[in-house]
Amino acid sequence: MGLTLRIALIIVTVIYLFFILRAIKHKKVQISFSIFWILTGLVLVIALAIPNLVENISHLLGFELTVNMIFCVAIFICFYLIFNLNIILSKENKKNILLVQEISLLKKRVEDLEEKQKEKNS
Amino acid sequence: MKVLLIIPAYNEEENILRVCREIEEYSSEIDYVVINDGSRDKTKSILEENHLNHVNLVHNLGIGGAVQTGYRYAYLHHYDIAIQFDGDGQHDINYVKDICEPIIEGKANLVIGTRYLDKSKSSFQSTFMRRLGSRLISFMIKCLCKQKITDPTSGFRAADKSIIEEFAKEYPTDYPEPESTVCMLKKGYRVTEVPVNMKERVAGKSFVSPWTSIDYMIKVSLAIFIDSIGIKKERRK
């Protein structure tokens, strides 16, 4: 990795970390999710701080090119993330349906009671 | 025996009043509840003006969510039998007696009103593609649950107290009819079929093209397969 590229990457990583930490500080992300994002930032920092670390690992694992390993790992992480989000989405969907049903039934009950009350009064 | 008709309705302004009046004429002992699934037409105002018993869903949920609301209503008000009944006038009210019979006699927990049974002199048998689709789904169900269900997509069904409770808790939203039938069979409930007559829609249109039938069939087969894996068989009497 050339020096210019390394410096550019370090700058990007710093910005990345800044945004993540800010989002966490403002409680835009749940703690359980924020751990994952801090970890990704840390991994980036470590990979950049120790020269030849990524190259050595990819060589050890038998990748012909370092980028191949990086892409491979990144894609796996993306799949994991998407799947996780899908699970969360399904759960939320279920909750939403339940809420709509319960609110609708409650509304009906309130309206029925109001009508009864009116009849009693008149 | 307290009997409730669950009528899911989405944009049924042309049919809903007639359907409800038919029910009132048929029997005064049967209650009904119309589940208005966020209709965009005048369904809501028709229901309100004519004082038809109804629940307005605050957001559109689709047929599965709407029907489940009906089952929740039935569960809340301790009904003994809940019958799903279409709001578009396809189902014949005169068969309500038939469809309740197996439950009253204690022979079944869930009764499906079937179009294709030989005895049925149904005037509406639906299109070729739909029948083929139904055949394939019923073949799948036979493989998975070892019981023949001739018309797994029928929306004319009666449920007893135990099934009402099950459906109030959990009801599939993607392909509610075949999926819920498979779930109940897998759980060991008794399911039977009764021949019924179905009419063609009097007003409004139903959207079914050959492609959607094939698409539907494939997805349903997959869905019931997945459903059947997750359920452990509970022995029931």
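Mentor: Happy to! Helix α2 of chain A, residues 31-49, gives the most to a nonpolar surface patch, with six residues. Helices here are DSSP runs of H or I with at least four residues, and strands are runs of E with at least two, numbered from the N terminus. Before going on, please note that this is a predicted model, where local features need pLDDT of at least 70, side-chain atom pairs count only at pLDDT 80 or more, and totals for chains, interfaces and linings use all residues. Residues are numbered from 1 along each chain as its sequence is written, chains are lettered from A and ligands numbered from 1 in the order in which they are written, and side-chain values use heavy atoms, leaving out hydrogens and water.

The patch is made up of Leu21(A), Ile31(A), Ile35(A), Ile38(A), Leu39(A), Leu42(A), Ile46(A) and Ile50(A), which together have about 720 Å² of accessible area. That area comes from the Shrake-Rupley method with a 1.4 Å probe, and for residues only the protein chains shown count as cover. Patch residues have over 30% relative accessible area and no salt bridge, and nonpolar side chains (Val, Leu, Ile, Met, Phe, Trp, Tyr) are joined within 5 Å, like charges within 9 Å. A salt bridge is a side-chain nitrogen of Lys or Arg within 4 Å of a carboxyl oxygen of Asp or Glu.

Take Leu42(A), whose place is in helix α2 of chain A. Leu42(A) counts as partly exposed because its relative accessibility is 45%; buried means under 20%, exposed over 50%, and partly exposed in between (1.4 Å probe, protein chains only).
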